[in-house]
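Please look over the sequence and the model together before reading on. The report below then takes up a few strands, helices and single residues in turn.

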Amino acid sequence: MRNPTHPNVTDSLATVRNLGILAHVDAGKTTVTERILYTTGTTHKRGEVHDGTTVTDFDPQERDRGITIFAAAVSCAWDGHRVNLIDTPGHVDFADEVERSLRVLDGAIAVFDAVAGVEPQSESVWRQADRHGVPRIAFVNKLDRAGADLDRAVASVRERLHPAPLVVQLPIGAEDGFTGVVDLVEMRALVWADGESTAVRGPVPEELREEAWRRRRALDEAVAELHPAALEEFCMRSAGSGTQSPASHPHPAPSAPAPPTPALSTSTLRTALRDLTRTGDGVVVLCGSAYRNRGIEPLLDAVVAYLPSPLDVPAVRGIHEGGEVRRPADPAAPFAALAFKVNASATGRLTCLRVYSGTIEKGDTVWDPVTRRTERVARILRLMADRHVQLDRAVAGDIVAVAGPKSARAGSTLCDPGAPLVLEPPVVADPVVSVAVEARRGVDTGRLATALARLAEEDPSLVVRTDAETGQTVLSGMGELHLEVAVEKIRRDGGPEVTVGRPRVSYRETVVRGVRGLVFRHVKQDGGAGQFAHVVLDVEPLGDEVGGTGFAFTSAVVGGRVPQEYVRAVEAGCRDALAEGPLGGHPVTGLRVTLTEGSTHVKDSSEMAFRTAGRLGLRKALRACSTVVLEPVAEVTVTVPDDAVGGVLGDLSARRGRVTGSRTRGGAAVLTATVPLAELFGYATRLRSRTQGRGTFTTRPAGYTPARVPEQAR
């Protein structure tokens, strides 16, 4: 690793923004990304999703389906800042791509449809960002559509996502007449003429002036309630003008006349908005129409003004030899980077990295502390979706791709060999749907194995295994579409022709009523040292609800009758037993095991003996318990015309669905139901036939519930 020689390298980190675009499918994420690239001059022609000409949706399947499937990174410049941008998928089946992206981002733009507001996957990706502590600004898109309503969309954000939305713009015009916005911070109008990408700045239109000042007052009050310095200035100005502070009158009547001057200065308001965004106490809300290229310039200004740079986020934390290690975003610090995506092909591998600290140059050697291998960096590339620009080096804060490392996977840490540490990898969700795959021709079996290994290398949420009973190769993923895309990718990448079996869901088993005091003795004597272990186990459900997940193990043995190392062996054996339940051989979850008693033999007891006792003892206990099979369920949101509601409700009931809500939106009915995942295979085709192609639906995982077990699960 080399230290930078330029004195301004650290200062330049303040001008870097690493952010992602998050949204529900069809909210306009990719169009927002395309307009950002066009507005910044990175591209010279506006790409369109419906034409298949976008930069980030470069994969043939993405262009054919009209959706984002793979997270794509691009880079552009705006107002002296480098913006590294990741366009993430909006479909629930590809949520793992979002998870890996959020792990390495410093900020995000959450895009909402001005007609639909918060949609199911909008909520899911918002919660993912909450878990990672990623600051966000919101962009309410598609204000040019019929039925678009900024206030209604903001209300849905407040009610369903529970942030403090801070609306900094007022639309000029409605629906097809939407032409621009009023900037409530600067109190000026930004208007875009048809076909123009640059806004014309001017005074606030006379007919909107009173409403603009009323909204500016509401913005000042909302900010003052959340930011101490803003509250102090608000009170001083309010005292001078004879008005009340937000604490004494938090919600003035909408009809009250707005003051002719703002309650907060522009500089104070900007500072407070930046602080609230970065702490997550508030979310700045902007609006526009990405398709018409209206609202993109102020969105970029907000990215630069409010979202954090690598210097503004806490130092990344890692583990080395059991202790915590922190690495600041300093190019002079030891090198540390996290791999979040791998593109593997027959011609080579590209590993996408977020560099957290240090500097790396071509030809450097890095250390993978998990595989304990050194890797040489042959090339460093700036990402531009499927195109790349070669770099001589990358520094802290950069998102780049490197060629050379052969063993790194998504979630791997690459670091300075002289200063090792392991960074926390992204969480990989458990797959919920499986299909059996086999090569159509026997001679292609080896080629299929290679193609499947490459798929699993690129996408950790895909799991490939061989069924021990049938000998079939089983491919598991996050949904029907996820597996369909994976199989199609094998074909398009020159792989063998594949035969795919019927999808299977991943069932679980859990304990409804446990047992107490189950005694198990493991005694084996076949010459020489034998094996002896005696354990007494209590098994009970974990938590109050059937379908609770997880496993808990505790020891209530006193007096040292079972040494601690043997207790750990019993726990390991119990975890081994969870792999197959007594009902159908499905994994067991949602139970607590307590080791209450036991005994040892002075010569024959060992960790292996107690691990075996734990495994066989828990299997015996599970056979004595009352257990049920759990099946995965999904929350389904169906949007259909009013005249098709009856048929759709009947079909959901036939699929064992439980309707949980119904509302009207924009002349259509929106139905929410919880449906077993096994019943959703082929639902898209059935819904289209029942609604003459006018119905749409989205799903998201909703946990597990007790099942009526179909034959395939037994």
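## Terms and source

Two strands are said to pair if DSSP finds at least two bridges between them, and strands (E, at least two residues) and helices (H or I, at least four residues) are themselves DSSP runs, numbered from the N terminus. This is a predicted model, in which local features need pLDDT of at least 70 and side-chain atom pairs count only at pLDDT 80 or more, while totals for chains, interfaces and linings use all residues. Residues are numbered from 1 along each chain as its sequence is written, and side-chain values use heavy atoms, with hydrogens and water left out.

## Strand E35 and its partners

Strand E38 (residues 696–706) runs antiparallel to E35 and is joined to it by nine bridges; here glutamate 631 has threonine 705 of E38 as its bridge partner.

Strand E37 (residues 668–676) is also antiparallel to E35, with nine bridges between them, and glutamate 635 is partnered by threonine 674 in E37. Strand E30 (residues 508–513) pairs with E35 in the antiparallel sense over five bridges, with threonine 510 standing opposite valine 628 of E35.

## A three-stranded open sheet

Elsewhere, three strands form an open sheet with antiparallel pairing, in the order E13-E12-E24. Strands E13 (323–327) and E24 (422–423) stand at the edges and each has a single partner strand, so one side of each is left without a neighbour in the sheet. Between E12 (residues 316–320) and E24 there are two bridges, and glycine 318 stands opposite leucine 423 in E24.

Arginine 516, in strand E31 (residues 515–524), is exposed, with a relative accessible area of 66%. Its side chain makes a polar contact with the side chain of aspartate 538 at 3.1 Å; such a contact is a pair of N or O atoms within 3.5 Å, where within protein one must be able to donate a hydrogen and the other to accept it, and residues adjacent in sequence count only if both atoms are side-chain atoms.

Lysine 29, in helix H2 (residues 29–39), is by contrast buried yet has no salt bridge, and the nearest side chain of opposite charge, aspartate 87, is 5.3 Å away. A salt bridge requires a side-chain nitrogen of Lys or Arg within 4 Å of a carboxyl oxygen of Asp or Glu; Lys and Arg count as positive and Asp and Glu as negative, while His and the chain ends are not counted.

Methods: Buried means under 20% relative accessible area, exposed over 50%, partly exposed in between (1.4 Å probe, protein chains only).
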